[in-house]
Amino acid sequence: MEELLQTQTLVIILLLVVSLVAIAVRRLRLPYTVALVLVGLAIAFLQPVAVEVTPELILALLIPPLVFEAAFQVDFALLRANLVPILAMAVPGVLLTTFIVGGIVTASVGVPFAAAAAFGALIAATDPVAVVAVFRTLGVPRRLAVAVEGESLFNDGTAIVIYNIAVGAALTGLFDPVAGVLDFLVVSLGGLAIGLILGWMVAQVIARIDDPLIEVTLTTVLAFGAYLAAERIHVSGVLAVVAAGLVSGNVGLRGMSPSTKIMLENFWEYVAFLANSLVFLLIGLRVNVPLLLADLWPIAVAVLAVLIARAVAVYGLSWLAYRLGSRVPKNWRHVFFWGGLRGAIALALALGLPGALADREMLLAMTFGVVLFTLLAQGTTIQFLLRRLGLVGASEGHLEREIRWGRLYMTQAGQRRLLALNTEGLLTGDIWAGISEEYRLTNQQLTADVDLLYAQYPELEREVVLQTRREALKAERSALRDALVRGWLSGQVHHTLAQEVDRRLEAVRLIEETAFGSQASTADANSGELNSGMRI
Amino acid sequence: MKRIVCATRGGAASRAVQERAISLAAEHSAELVFLYVSDSCSCGAMSDDLAQVVEDELRRIGRSLLHIAHVRANEQGVEADMVAKCGPVRQTILDFVAETQADALVIGAPRTDTGAQEFGGDSLPVFAKQVTEETGAEVFIV
């Protein structure tokens with residue numbers, strides 16, 4: 001009982017720290033995950049906390065929701081459009097990293113090659129959470145974000161499979177390349193198959209019921225169940241979750257009502273936020289700074305090896321993808337290279353290295369060192385690279401619009417207050433006339449400034465139209481609830497109308513996501529006859 | 001030039017395209033029609049039920065954008081018609097130009113590389129040539 005209370009207290013404290021960091025980071029220009037690691041490091045340095053971070057805790061409890069949510073959000077059409085570079089990075093890319101990092105670490109630090117290869121495999125798993133968060137803030141093209149996320153989703157699975165093979169070879173001293181390749185195929189494809197089957201089954205059940213609570217629960221069962229079922233039959237749990245998430249997000253969603261979709265997205269967003277926050281805080285808490293300092297040379301070698309391997313994999317495989325007919329833009333390649341951060345999977349696998357493995361503690365220190373370097377050096381500078389490469393969206397126009405809207409909003413609030421003072425009789429005569437005229441003219445000028453901005457950035461115009469539509473629909477939804485509370489609408493009518501509004505909100509979201517329906521590739525001549533035409 | 005069709009969808013080129021069409025209409029005292037084409041297929045695979053709502057919302061957004069263009073034309077003393085259509089973008093524009101026997105089509109070239117353009121690469125000049133060959137209308141690419 002006492003132990004349970006202690007654990008509960010610790011979890012609550014961790015959640016409180018997470019919340020405080022999330023609030024503080026709003027004012028800092030620092031990725032949230034990086035801030036969590038820094039806070040974890042500071043806590044561990046000032047007041048060490050007894051937190052046991054086991055590989056099982058990360059792999060079985062925190063990774064499934066993170067991977068499921070990421071896969072759930074990926075648009076299959078965009079994933080398919082980037083499939084060649086994603087798979088190139090996820091399979092040959094992980095193999096290249098394993099061998100290059102393994103070779104450099106063996107040659108420079110003297111770790112036996114099989115153990116060094118296990119390190120190479122575990123460090124090949126990328127974790128783009130910090131990078132993707134920056135992408136969202138800066139408005140980087142969605143296709144690039146999907147490519148980076150897609151690579152991470154699949155290379156997590158392949159890295160774990162190769163890691164297991166390398167660890168087996170390191171412990172037994174035996175390695176059969178043919179058996180290794182077969183093992184890799186069985187574990188990877190087996191995991192994907194399990195995820196696809198379970199994902200499809202859950203999608204079928206969901207399509208036959210209409211109860212948001214049950215449907216959300218079923219996706220929770222799917223996320224953790226796919227991992228456990230796959231691990232139980234010794235195939236890749238992570239790849240099973242990836243496949244299950246992709247099926248749920250692309251096929252399963254079609255059978256859901258808009259209300260369920262909104263609830264589901266909110267639920268998984270929250271769960272992923274929790275899991276993600278805990279993972280990065282725990283990384284910070286688990287770092288032993290004195291031990292890292294003692295292994296500074298191996299860590300420096302590991303960081304260099306990881307950067308070299310990443311460069312070879314990204315630039316070499318992009319060339320290969322180009323030869324296969326899938327062009328990866330040059331500026332994207334630099335983002336792939338510098339955005340290849342490492343995180344939870346690498347850490348979990350390093351913690352899971354068997355005690356009997358040669359140089360285990362040094363490999364663990366090297367993993368922490370690389371994770372910290374990628375998070376603190378690469379994670380904090382990726383936004384500068386994105387700006388330099390011109391991959392940041394029309395942020396200048398967006399920023400300027402916000403500033404002009406902000407000024408207009410302020411001025412109008414001032415005008416309303418002046419009017420209230422005038423109505424109350426506190427502001428009258430010439431003073432009222434003078435001040436209100438000044439405000440009227442300012443308001444007029446600011447309105448003209450906003451209109452001028454739309455002439456300068458015409459693409460903002462349609463965004464505003466969509467944004468306004470979304471706002472109006474939300475107001476309609478809120479009015480419905482109000483009418484229900486006041487007893488003007490029955491529960492049944494409220495439910496029907498709320499579903500209608502939710503469906504429209506979902507439609508607006510889809511339109512926004514697909515850049516206002518501008519995708520030529522899908523608008524081919526076979527897509528249908530003219531549906532309708534109307535003169536307004 | 002008696003009838004001008006201006007294809008607009010509120011993108012980065014929209015303002016310049018509309019201005020060019022309005023000035024052409026004023027110059028030739030021609031009838032101006034703003035055309036907005038939406039294609040719900042571009043939003044990916046979805047249930048029939050949702051596709052219908054997406055189409056409806058696209059049409060509603062299109063009407064808003066057409067009204068904005070209409071106000072601009074009126075401000076410059078040009079009367080304009082507005083037509084919103086659904087369907088494959090190129091074929092719908094082509095059919096509309098033929099159907100209305102327009103003398104000119106004003107259309108915008110993509111301004112930004114979003115990776116998902118209706119008229120990316122060389123496809124716009126090719127489309128313009130096709131419009132001229134099939135309908136006889138002169139195409140102005142802005």
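Modeller: In this predicted model, Ala88(A), Met89(A) and Ala90(A) of α5(A) meet Pro92(A), Gly93(A) and Val94(A) of α6(A). Local features need pLDDT of at least 70, side-chain atom pairs count only at pLDDT 80 or more, and totals for chains, interfaces and linings use all residues. Residues are numbered from 1 along each chain as its sequence is written, while chains are lettered from A and ligands numbered from 1 in the order in which they are written.

Colleague: What makes two residues count as in contact?

Modeller: Their C-beta atoms, placed from the backbone, must lie within 7 Å.

Colleague: Why is α5(A) called roughly parallel to α6(A)?

Modeller: Helix α5 (residues 83-90) and helix α6 (residues 92-109), both of chain A, pack at about 30°, with axes 3 Å apart. Angles under 35 degrees count as roughly parallel, over 145 as roughly antiparallel, 65 to 115 as roughly perpendicular and the rest as oblique. Therefore α5(A) is roughly parallel to α6(A). Axes are lines fitted to C-alpha atoms, for helices over the stretch in contact, and angles run from 0 to 180 degrees between N-to-C directions. Helices are DSSP runs (H or I, at least four residues), numbered from the N terminus.

Colleague: How do you know whether Glu69(A) is buried or exposed?

Modeller: A residue is buried if 20 or more other C-beta atoms lie within 10 Å of its own, exposed if 12 or fewer, and partly exposed in between. Glu69(A) has 24 such atoms within 10 Å, so Glu69(A) is buried. Glu69(A) belongs to helix α3 of chain A. Beyond its neighbours within four places in sequence, Glu69(A) contacts Trp268(A), Val271(A) and Ala272(A). Trp268(A) is 199 residues away from Glu69(A) along the chain, yet their C-alpha atoms are separated by 6.0 Å.

Colleague: What describes the packing of α3(A) with α12(A)?

Modeller: Helix α3 (residues 55-73) and helix α12 (residues 237-250) of chain A pack at about 40°, with axes 7 Å apart. The contact involves residues including Ile63(A), Val67(A) and Phe68(A) of α3(A) and Val238(A), Val241(A) and Leu246(A) of α12(A).

Colleague: Which residues touch the most other members of the largest nonpolar core?

Modeller: Ala118(A) and Leu122(A) do, in a core of 141 residues. Such a core is a set of buried Ala, Val, Leu, Ile, Met, Phe, Trp, Tyr and Cys residues joined through C-beta atoms within 7 Å. Helix α9 (residues 142-172) of chain A gives the largest share, 16 residues.

Definitions and conventions: Helices (H or I, at least four residues) and strands (E, at least two) are DSSP runs, numbered from the N terminus.
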